[in-house]
Amino acid sequence: MESTPPDRWYLAYTKPREERIAEANLQQQDFEAYLPLYKKFKKTEQGPVALFEPMFPRYILFRPSKPEQSISAVRSTKGIATIVRFGFEPATLHDDLVQRIRQLEQDRNHATLQELSNLKAGQTVRLKHTALGGVEGLIQSVSSKRVAVLLEILGRPTVVQLEHHQVEVNN
């Protein structure tokens, strides 16, 4: 197989939920592998917990570490379903695009819950708490730990401090 310029990356399609297995096995075979991860927050009873999931589920980027290294071994690598192709040619990405993806990943991974939250002042939200489920209010402010929501309680406007996972945006 022809060698690809060192500024190009190949794209592989992985088996379902085996991106990390594919990454480890590609690295073990001396390929440079890159699995872009996406930071998101999962709502739990204890509050939001940061999770890192593949940015592009079932896809991984890789390139040979040496010019003479063939990519044909990748097809039989554990975790890989196939090498992505356009016609007969393997799909490639320029290194500058991969560097932009890395920068996006790095920026997002350093972001706080507040910066990634879809909760904004002025939005109408619904409380998710069982006793108050369905009660609607207006967001006054959002911080990394709490959301201040204006509720009408016993006919009077009252601001209540809640955790992010206790409210949901009305659609």
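Modeller: What follows is a walk around strand β5 and the parts linked to it.

Start with the ground rules. This is a predicted model, in which local features need pLDDT of at least 70, side-chain atom pairs count only at pLDDT 80 or more, and totals for chains, interfaces and linings use all residues. Residues are numbered from 1 along each chain as its sequence is written, and side-chain values use heavy atoms, with hydrogens and water left out.

Now the strand itself. β5 covers residues 59–64. Strands here are DSSP runs of E with at least two residues; helices are runs of H or I with at least four, and both are numbered from the N terminus. Two strands count as paired if DSSP finds at least two bridges between them.

β5 has a partner in β1, which spans residues 8–14. Four bridges join β1 and β5, in the antiparallel sense. Strand β2, residues 31–34, also pairs with β5. That pairing is antiparallel too, again over four bridges. Keep one general point in mind: in a regular strand, side chains alternate between the two faces of the sheet.

Which residue of β5 stands opposite Tyr10? The residue is Phe62. Rings of Phe, Tyr and Trp (its six-membered ring) pair if their centres lie within 6.5 Å; planes under 30 degrees apart are stacked, over 60 edge-to-face, and the rest tilted. By that rule the structure holds four aromatic pairs. In one of them, the ring centres of Tyr10 and Phe62 are 5.4 Å apart with planes at 25°, so the pair is stacked. Tyr10 belongs to β1 and Phe62 to β5, so the pair ties together parts that are 52 residues apart in sequence.

Tyr10 is buried at 4%. Phe62 is buried at 0%. Phe31 joins in: ring pairs link Tyr10, Phe31 and Phe62 into a cluster.

Next, the β2 side. Glu32 has Arg63 of β5 as its bridge partner. This is a strand bridge. The side chains meet as well, in a salt bridge with N to O at 3.0 Å. A salt bridge is a side-chain nitrogen of Lys or Arg within 4 Å of a carboxyl oxygen of Asp or Glu. Arg63 sits in β5 and Glu32 in β2, so this contact ties together parts 31 residues apart in sequence. In general, side chains of opposite charge can pair when their charged atoms come close. Arg63 is buried, with 14% relative accessible area. Glu32 is partly exposed, at 32%.

Arg63 has another salt bridge, with Asp95, at 3.5 Å from N to O. Asp95 lies in helix α2 (residues 95–109) and Arg63 in β5, so to speak of this pair is to link distant parts of the chain, 32 residues apart. Together, Glu32, Arg63 and Asp95 form a network of salt bridges. The whole structure has six salt bridges.

Now look at helix α1, residues 19–28. Its buried residues are Glu19, Ala22, Asn25 and Leu26. Seen down the helix axis, they fall within an arc of 130°, so they line one face of α1. That arc is taken from the directions from the helix axis to the C-beta atoms. What covers these residues? The cover includes β5, along with β1, β2, β4 (47–54) and β6 (80–83). Contact here means heavy atoms within 4.5 Å.

Finally, check the loops at either end of α1. Most residues other than glycine have a negative phi, and most peptide bonds are trans. Arg17, in the loop between β1 and α1, has a positive phi near 55°. Arg17 is exposed, at 75%. Asp30 lies in the loop between α1 and β2. Its phi is also positive, about 70°, although Asp30 is not a glycine. Asp30 is partly exposed, at 38%.

To recap, β5 pairs with β1 and with β2.

Terms used. Buried < 20%, exposed > 50% of the residue type's maximum accessible area, 1.4 Å probe, protein only.
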